[in-house]
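Please look through the sequence and the model before reading on, and keep both at hand while you work through the points that follow.

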Amino acid sequence: MIMAELEKRLLSILLVILLCAGVIACGRSQDPMEKIKDLEFTVIPEDKLPEELLSAIEEKKGSSFKMTFEDQGFLYICVGYGEQETAGYSITVNDLYETGNAIYIDTNLIGPGPEEKGKNTPTYPYIVVKTENLNKSVVFD
């Protein structure tokens with residue numbers, strides 16, 4: 001009889017421990033830095049930019065810049081690399097994704113090919129990507 005009572009108590013304690021572990025696991029919130037999803041985007045050429053955005057880029061393009069612009073439900077994310085000595089630079093978007101609290105973008109400036117080196121024509125490479133406006137801040141990597 002004592003063994004049966006002891007087994008019942010141990011079983012009750014085990015059930016309480018499992019129940020607590022389940023509640024803790026279910027209550028754990030998602031890491032706000034964890035990627036939720038990749039975002040679809042379009043690279044927008046200069047001639048398709050809203051006039052107000054183009055004007056802001058013109059003011060900033062001499063130096064490196066990172067900025068955003070909202071228009072008609074879309075978010076424009078802009079990254080500029082300042083004045084470069086020659087033409088032939090390109091920019092890649094390595095990543096654009098949403099987390100619990102922000103949008104992250106990672107871009108990379110790719111240098112000119114050998115045919116462009118030696119030409120002393122300053123350029124101002126920048127990229128503008130257009131995506132849905134999620135009303136979250138943007139983090140530039």
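An axis here is a line fitted to C-alpha atoms, for a helix over the stretch in contact, and an angle between two axes runs from 0 to 180 degrees between their N-to-C directions. With that in mind, and remembering that this is a predicted model, one can say that helix H2, residues 51–60, lies across S3, S4 and S7 and runs at about 170° to S3.

**The sheet and its order**

- Four strands form an open sheet, in which the order is S2-S7-S4-S3 and the pairing is antiparallel.
- Strand S2 (42–43) and strand S3 (64–71) each have a single partner strand and stand at the edges, so one side of each is left without a neighbour in the sheet.
- Strand S7 is largely enclosed by the rest of the structure, because five of its seven residues are buried.

**Partners of strand S7**

- Strand S4, which covers residues 74–81, is joined by seven bridges to strand S7, which covers residues 126–132, and the two run antiparallel.
- Within S7, Lys-130 stands opposite Tyr-76, while Ile-127 stands opposite Val-79.
- Strand S2 is joined to S7 by two bridges, again in an antiparallel arrangement, and here Thr-42 stands opposite Lys-130.
- As a general point to bear in mind when following a strand in the model, side chains in a regular strand alternate between the two faces of the sheet.

**Aromatic pairs**

- How many aromatic pairs does a search of the whole structure find? The search finds three, and two of these pairs, among the three, are described below.
- Phe-65 and Tyr-126 form a tilted pair, with 6.4 Å from centre to centre and 45° between the planes.
- This pair links distant parts of the chain, since Phe-65 belongs to strand S3 and Tyr-126 to strand S7, 61 residues apart.
- Phe-65 has a relative accessible area of 7%, and because buried means under 20%, Phe-65 is buried.
- Tyr-97 and Tyr-104 form a stacked pair, with 5.4 Å from centre to centre and 10° between the planes.

**Charges over rings**

- The ring of Tyr-97 has the charged end of Lys-35 sitting over it, 4.9 Å from the ring centre.
- Lys-130, the residue that stands opposite Tyr-76, lies over the face of Phe-74 at 4.2 Å from the ring centre.

How values were computed: Residues numbered from 1 in each chain as written. Predicted model: local features only at pLDDT ≥ 70, side-chain atom pairs only at ≥ 80, totals over all residues. Heavy atoms only, no water. Pairing = 2+ DSSP bridges. Contact = heavy atoms within 4.5 Å. Buried < 20%, exposed > 50% of the residue type's maximum accessible area, 1.4 Å probe, protein only. Phe/Tyr/Trp six-rings, centres within 6.5 Å; stacked < 30°, edge-to-face > 60°. Lys NZ or Arg CZ within 6 Å of the ring centre and 35° of its normal.
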